[in-house]
Amino acid sequence: MSDLATWRLRVIFAALVLLASGIGYRVISFAVLQGPVLAQRAEAFRFREDVVPAHRGEILDARGRVLATDVPADRVSAIVREVEDPQRTAQLLAPLIGRPAEEILDALTQPGREWVVLQRQLDPAVSAQIRALDLPGIVLDPEPKRAYPMGDFASQVLGFVNWEYRGAYGLEAQYDAVVGGVPGQLVGERDLAGNVIALAPSSWNPPQDGATLVLTIDSAVQYLAESILERTIQDQRATGGTIIVMDVRTGAILAMANRPSFDPNRFREVTDPSLFANPAIGAAYEPGSTFKVITMALGLDAGVVQPETVVEGGAYRELPDGTKIFNALHQAFGPETMTEVLIHSSNVGAMEVADRLGPERFAEGIQRFGFGQPTDVDLPGEINGIVNLPGSPGWSLTTFYTTSFGQGIAVTPLQLVTAVAAIANGGVLMRPYVVQEIRRGDRVAVTQPQPVRRVISEETARTLTAMLAEVMDSYAGRFAVPGYRIAAKTGTAEIPGPQGYERGEGATIASVVGYGPVEDPRFCVLVKIDRPKGSPWGERAAGPAFAELFRQLLLLKGIPPSQPVTSIPSGGSQP
Amino acid sequence: MVAEPVDRAAVQVRPTLVGRRVAPRRSRAWLGVLLVLVATLGGLCLLYLEQTSRVVELGYELTRLQRNRDQVALEVAALRYELARQQSLARVEELARREYGMVPLRKAESLRLARPAPLPTPVPPPRSERSWWQRVQDALLGVGHAEAETNP
């Protein structure tokens, strides 16, 4: 064999040895050095655990209308290293996902990021457009999206679902554990495409879908309340308002309308988070003369006054320290019966009733009616309100007397409605509630009306109802519900500020609270208008809305009039 | 002493094996059993493979169907949402006003109607009483009697 051939053989041998060494090294590296780590990664890839989201239950109104449901949506993300042309990708995506191109470009070029979410909860139409672009590195993943088909309808009652798909505010938060469901898990060996291999061992823990909530809220009544409230606020150039309609026999809330409100479909566009809270339960106000209903109920129930009891209705009451507390507009009514005290909305008359009760009995009665404590309604964010009890720092002889006509006490709209509903139903305070049924598959849990306690006797309730019906009759020139006997009381409350009560235009809260029909009360309604500028007075700013709501409500519920009536005044017939 | 004659015909010569030795019958039987076993085992393996691949196929089919079901569920949800949106009372009112020219109620009149007196509850006619003799005679002769339970 020649030298050249020997040399060639040696070279080939050396090359083979080198190749074998390289392969050997890689084999040892994979099998021994990195073996455990790679095995672990392979294991993790093959046996992946997927969280299977549960479907969130729907929220329906009392008529079965869908108020909240889930709709399909997508999340668009980018695998940063796979994006070939970040500039072009950003330009194309920007108009579709509603983010500036620069912002997207920044996200796509972040150093050290492998994965970035560009936008969430995209509509299917937008998803289809993105899919059609077929951009490298851009991925669409399905994710659930909560949708509210009626927009801002009852939004502060419903609340909304946040980015983490958890309930925030309203019923969505209160019943999150019930309506949200429990996510499931799927652990199994997968192929390259991520599909579970049928024969391989796997474990499947199915998700438990959320329950469906059926509310006491009647969409027809709610729509009436919201429409009327909206129109009244516009007419009165008010800053906001609340209307509550309650079934007095059960405590079920048929409508709870607030303005201003928000669209839960676009909660992230709301700049003022205070809009998310429900002012019907989370904001206290001084109720003004509507509170005289409670004062009178306590006076009648204690027997310290009767409807025909006469008091000297001067223009003011002077306290021992020289403080003078006046009637509205400093009016003097002369001798007046208790019914006339309510008709005149006499502060002096109301103070007389409180005086006869005494501070202890008066305070105990107010608490008995549920003021100063939550009503225990099934909504989050309820506050107690403020009741100045004897001995408490806020109590004084002045607040004792002013409380009798609804100043110096702060209540929530729901507390007032619940208390007046107790008079309407014969004296039993009911726990208000919003969820009528919880449906989970075939099982249905129905909320039963829950009496809290008796607050006044049936006789007192009947007497006061007759008195309040006369009060309503006295408003006939301003507002009325033709054909029906309704019990009601207006209120015009001053708004406390840092420098005492506010003065000037838009410095009152105008309201009316009442119930009817008197023969067999079914509904209790509160209309509260905040800072009206058209008229500061309850009977003018809130009265027409109250009457209109009651007319439509009685018509809607098919309750026939008890008195002959053939026409409905014009201007008050819009829903 | 007399020598016995030798029967030459009776003397047989032991045959000499000149060809291939024939396998014994028992060996051939073992071979047959082996072949059958191999064939059976092969068949079982094929069956196992077939079943395995079928199950895997069905597994993928199941996954695909589950995805389809989820997709359909999402479409149903989208349709429910659209339906609810269309049923929105604000939209219904707007349609009623614009499309059908409807206006809010301006005049309501309640009519009191006298409820008509309820019809008397029909009383079934008394069953005809037959004597025991008549019943026996009917039974013997096979005569039947039809009776209406209620008035038509």
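Reply: A residue counts as buried if 20 or more other C-beta atoms lie within 10 Å of its own, exposed if 12 or fewer, and partly exposed in between, with C-beta atoms placed from the backbone. In chain A, 45% of the 575 residues are buried. This is a predicted model, in which local features need pLDDT of at least 70 and side-chain atom pairs count only at pLDDT 80 or more, while totals for chains, interfaces and linings use all residues. Residues are numbered from 1 along each chain as its sequence is written, and chains are lettered from A and ligands numbered from 1 in the order in which they are written.

Me: What secondary structure does chain A have, and is the chain spread out or compact?

Reply: Helices (H or I, at least four residues) and strands (E, at least two) are DSSP runs, numbered from the N terminus. Chain A has 19 helices and 25 strands. The radius of gyration is taken over C-alpha atoms, and the globule rule is 2.2 Å times the number of residues to the power 0.38. For chain A the radius is 34 Å, well over the 25 Å that the rule gives for 575 residues, so the chain is more spread out than a compact globule. Along the principal axes, its C-alpha atoms fill a box of roughly 145 × 50 × 50 Å.

Me: How many residues of helix H1 of chain A are buried?

Reply: The number is zero of 31, so H1(A) lies largely in the open.

Me: In which sense do strands S18 and S19 of chain A pair?

Reply: Two strands pair if DSSP finds at least two bridges between them. S18(A) (residues 435-440) and S19(A) (residues 443-446) pair in the antiparallel sense over four bridges, and A:Ile438 has A:Ala445 as its bridge partner in S19(A). The two strands form a hairpin with two residues between them, and A:Gly441 in the turn has a positive phi of about 65°.

Me: Which residue other than glycine has a positive phi near 50°, and is A:Arg531 buried or exposed?

Reply: The residue is A:Arg531, in the loop between S25 and helix H18 (538-541) of chain A. A:Arg531 is buried, with 21 other C-beta atoms within 10 Å.
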